[in-house]
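Look at the sequence and the model together. This report walks through selected parts of the fold, one at a time.

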Amino acid sequence: MKFFVTGVNGQLGHDVMNELHSRGHEGVGSDIQDVYSGVADGSAVTTMPYVKLDITDADAVREVISKVKPDAVVHCAAWTAVDLAEEKEDLVRKVNVDGTANIAKVCKELDCKMLYLSTDYVFNGLGDKPWEPDCKDYAPLNVYGQSKLDGELAVSGTLKKYFIVRIAWVFGVNGKNFIKTMINVGKTHDTVKVVNDQIGTPTYTLDLARLLVDMCETDKYGYYHATNEGGYISWYDFCVEFYKQYGLKTKVIPVTTAEYGLSKAKRPFNSRLDKSKLVKNGFKPLPAWQDAVKRYLAQAKI
């Protein structure tokens with residue numbers, strides 16, 4: 001198969017390209033930078049075709065993707081700075097909504113598959129019941145969540161051959177994430193405060209990339225949830241575990257979201273995602289997050 005992947009300078013796009021190469025698929029990567037600017041780790045993505053693309057430019061999107069003629073587009077590019085999004089709503093919507101719509105329209109013209117990455121933030125985060133992938137009780141709490149929901153609707157309202165995959169708490173080798181940030185903070189502090197009332201499950205991009213390619217190799221379209229297995233946890237639990245695995249002695253102090261009080265954007269308390277649809281449709285679940293952390297720390301240079 002031939003794939004076109006957006007956002008390859010980010011965590012997930014980088015791993016998707018490497019996964020495509022490992023399976024013998026043809027992959028063309030894209031991002032807004034002039035050249036590939038991710039980690040130079042000797043991985044295949046650094047040698048695979050790369051095209052500069054501003055997804056908010058509808059004409060450029062049509063020209064670039066039409067020239068590639070992919071069998072599937074994996075749309076990883078997005079505005080993901082949640083707090084800054086509260087100040088940049090117009091720009092966020094231009095990227096996450098208009099950019100996504102531009103890609104969906106071209107996929108329809110080419111009759112190719114599209115896989116769109118979304119988020120637990122499309123829900124209001126109330127209660128303690130895991131959100132099901134086909135649940136339509138949307139009520140985003142922030143600008144970022146609303147933009148990703150509207151991106152979902154742009155895809156589902158345009159295409160029939162689509163996968164919408166919601167993920168949460170993402171970490172990968174290529175780019176910034178919670179693990180990298182907190183380990184670097186822990187190296188210079190005796191104590192750190194981490195919220196313990198937001199509950200969900202982490203997602204390792206290396207594991208996720210394998211699942212996404214698995215999906216694109218099928219026609220089992222629709223909405224899915226995909227995070228690592230291993231049980232639902234808080235950010236506090238997550239931090240305690242990766243500090244332990246890394247060997248940091250920094251004390252982690254649990255606090256409520258209200259006590260932490262630094263975020264501009266509201267976060268959902270309940271980010272539990274029901275992933276049972278993966279198994280029902282024949283897909284292999286992601287490994288336990290504890291094992292994913294172990295493998296990530298062995299690979300990442302922190």
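Leaving aside its neighbours within four places in sequence, which residues is N228 in contact with? N228 touches T201, P202, T203, Y204, D207, K275, L286, P287, A288, W289 and A292. Contact means heavy atoms within 4.5 Å.

Some ground rules come next. This is a predicted model: local features need pLDDT of at least 70, side-chain atom pairs count only at pLDDT 80 or more, and totals for chains, interfaces and linings use all residues. Residues are numbered from 1 along each chain as its sequence is written, and side-chain values use heavy atoms, with hydrogens and water left out.

N228 lies in strand 12 (residues 228–229). Helices (H or I, at least four residues) and strands (E, at least two) are DSSP runs, numbered from the N terminus. N228 is buried, with a relative accessible area of 0%. Buried means under 20% relative accessible area, exposed over 50%, and partly exposed in between (1.4 Å probe, protein chains only). P287 is 59 residues away from N228 along the chain, yet their C-alpha atoms are separated by 5.6 Å.

**The sheet**

In what order do the strands of the open sheet of seven strands run? The order is 3-2-1-4-5-6-11, with parallel pairing. Two strands pair if DSSP finds at least two bridges between them. Strand 3 (50–52) and strand 11 (222–225) are the edge strands, and each pairs on one side only. From one strand to the next, the twist averages 20°.

| Strands | Sense | Bridges | A bridge pair |
|---|---|---|---|
| Strand 1 and strand 4 | parallel | four | T6 and H75 |
| Strand 4 and strand 5 | parallel | four | H75 and Y116 |
| Strand 5 and strand 6 | parallel | six | L115 and F163 |

Two helices pack on this sheet. Helix 4 touches strand 1, strand 4 and strand 5, and its direction makes about 160° with that of strand 5. Helix 5 (residues 143–156) touches strand 5, strand 6 and strand 11, and its direction also makes about 160° with that of strand 5. Axes are lines fitted to C-alpha atoms, for helices over the stretch in contact, and angles run from 0 to 180 degrees between N-to-C directions.

Strand 4 is covered on both faces. A72 and V74 are buried on one side, and V73 and H75 are buried on the other.

N102 belongs to helix 4 (residues 89–110). N102 is buried, with a relative accessible area of 12%. Beyond its neighbours within four places in sequence, N102 is in contact with I55, T56, D57, A58 and V61.

**Helix 1**

Is helix 1 largely enclosed or largely open? Of its 13 residues, 10 are buried, so helix 1 is largely enclosed by the rest of the structure. The buried residues include Q11, H14, M17 and L20. Among the elements that cover them are strand 1 (2–6), strand 2 (26–31), strand 5 (113–119) and helix 7 (205–216).

The length of helix 1 (residues 11–23) can be checked too. G24 follows helix 1, and its phi is positive, near 85°.

Most residues other than glycine have a negative phi. K69 has a positive phi near 55°. K69 sits in the loop between helix 2 (58–68) and strand 4. K69 is exposed, with a relative accessible area of 58%. W169 also has a positive phi, of about 50°. W169 is found in the loop between strand 6 (162–167) and strand 7. W169 is buried, with a relative accessible area of 9%.

**Two crossing helices**

The axes of helix 7 and helix 11 (residues 289–299) come within 10 Å and cross at roughly 110°. These two helices are therefore roughly perpendicular to each other. Angles of 65 to 115 degrees count as roughly perpendicular, under 35 as roughly parallel, over 145 as roughly antiparallel and the rest as oblique. Helix 7 makes the contact with L206, D207 and R210, and helix 11 with A292, R295 and Q299.
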